[in-house]
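Subject: Structure handover

Hello,

Here is the structure we talked about handing over. Please open it first, then read the notes below.

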Amino acid sequence: MKLFQIAIALLALGGAAHAQGYDDSDLRPYSPYSVGVTYSVSARYGVGLPMGSQANYIDKISPTNLVLEGQWNLPGKLSVGIQTGYQYNQQRLGRSVTQFGDETVSAVQTRTLTTIPALATVAYNFTNAGAAFRPYVQLGAGGAYVDYTNFYGVLADRKNGINAAVAPAVGLKVFGRQGKGLGADIQAQYQHVFFKYNELNNSPSLMLSAGLVYRFY
């Protein structure tokens, strides 16, 4: 009988709460990341896999890649931000004979490629801004400074400049628990720089990177 009375009392309280406009969201823990605009910064180390014509120039995996990114996390699931970094790749070939106009050069060839992107990004996150796990898809667009330098001994064939670039990506931010500020950021990004010179008919690559992310408000 007492259990029945308790059940009736709980039902009455629930009905009163519903009548006052409460729902399940009122019982969830409050997260400042889910209200207003919040921010995040990340630093990642990556390896670059040359693709397309870039692989015709240097076919080795690049071990020297750094990505820096800042984001504004909008209410809901969208984020906008800026991204830059430093990418460098090098490959040495054996001694060969190369014709430069009227001159013939016999030398060891050292191929280098440096890329410094500057991108604006927009991302769609599949969970809210305060979630412990935030898988996302992202699109970056902007420009990149490219330095192509191919050394033939002490001689160099060089071209550099700023070119347009696009960079779609998928990734995952992991914070361990909801509302935590420090976490890990893992990303796979396809980068296409519109740079053409010698072997390079544009410069596509795939970067796999991982590092730390910190969100704050």
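Start with Arg158. Arg158 is exposed, at 52% relative accessibility. Here, exposed means over 50% relative accessible area, buried means under 20%, and partly exposed is in between (1.4 Å probe, protein chains only). Its partner is Asp147: the two form a salt bridge, with the closest N and O atoms 2.5 Å apart. The bridge links distant parts of the chain, with Arg158 in strand E6 (residues 155-174) and Asp147 in strand E5, 11 residues apart. Asp147 counts as buried, at 8% relative accessibility.

Before you go on, a word on the basis. This is a predicted model, so local features need pLDDT of at least 70 and side-chain atom pairs count only at pLDDT 80 or more, while totals for chains, interfaces and linings use all residues. Residues are numbered from 1 along each chain as its sequence is written, and side-chain values use heavy atoms, with hydrogens and water left out.

Salt bridges

How many salt bridges does a search of the whole structure find? The search gives 4. The rule is a side-chain nitrogen of Lys or Arg within 4 Å of a carboxyl oxygen of Asp or Glu.

Look at Arg44 next. Arg44 forms a salt bridge with Asp185, and the closest N and O atoms are 3.0 Å apart. Arg44 lies in strand E1 (residues 38-50) and Asp185 in strand E7, so the pair ties together parts that are 141 residues apart in sequence. Strands (E, at least two residues) and helices (H or I, at least four) are DSSP runs, numbered from the N terminus. Arg44 is buried, at 1% relative accessibility. Asp185 is buried as well, at 0%. Glu69 joins in: Arg44, Glu69 and Asp185 are linked in a network of salt bridges.

Arg111 pairs with Glu199. In this salt bridge the closest N and O atoms are 3.6 Å apart. Arg111 sits in strand E4 (residues 103-125) and Glu199 in the loop between E7 and strand E8 (200-216), so distant parts of the chain are linked, 88 residues apart. Arg111 is buried, at 13% relative accessibility. Glu199 is partly exposed, with a relative accessible area of 26%.

Aromatic rings

Rings of Phe, Tyr and Trp (its six-membered ring) pair if their centres lie within 6.5 Å; planes under 30 degrees apart count as stacked, over 60 as edge-to-face and the rest as tilted. By this rule there are 5 aromatic pairs.

Is Tyr148 buried or exposed? Tyr148 is buried, with a relative accessible area of 0%. Tyr197 is partly exposed, at 22%.

Tyr214 and Phe216 are stacked, because their ring centres are 6.1 Å apart and their planes at 20°. Tyr214 is partly exposed, at 41% relative accessibility. Phe216 is partly exposed too, at 33%. With Tyr39, these residues form one aromatic cluster.

Charges over rings

A charge sits over a ring if NZ of Lys or CZ of Arg is within 6 Å of the ring centre and within 35 degrees of the ring normal. Lys173 lies over the face of Tyr136, at 4.1 Å from the ring centre. Arg215 lies over the face of Phe175, at 3.6 Å from the ring centre.

Best regards
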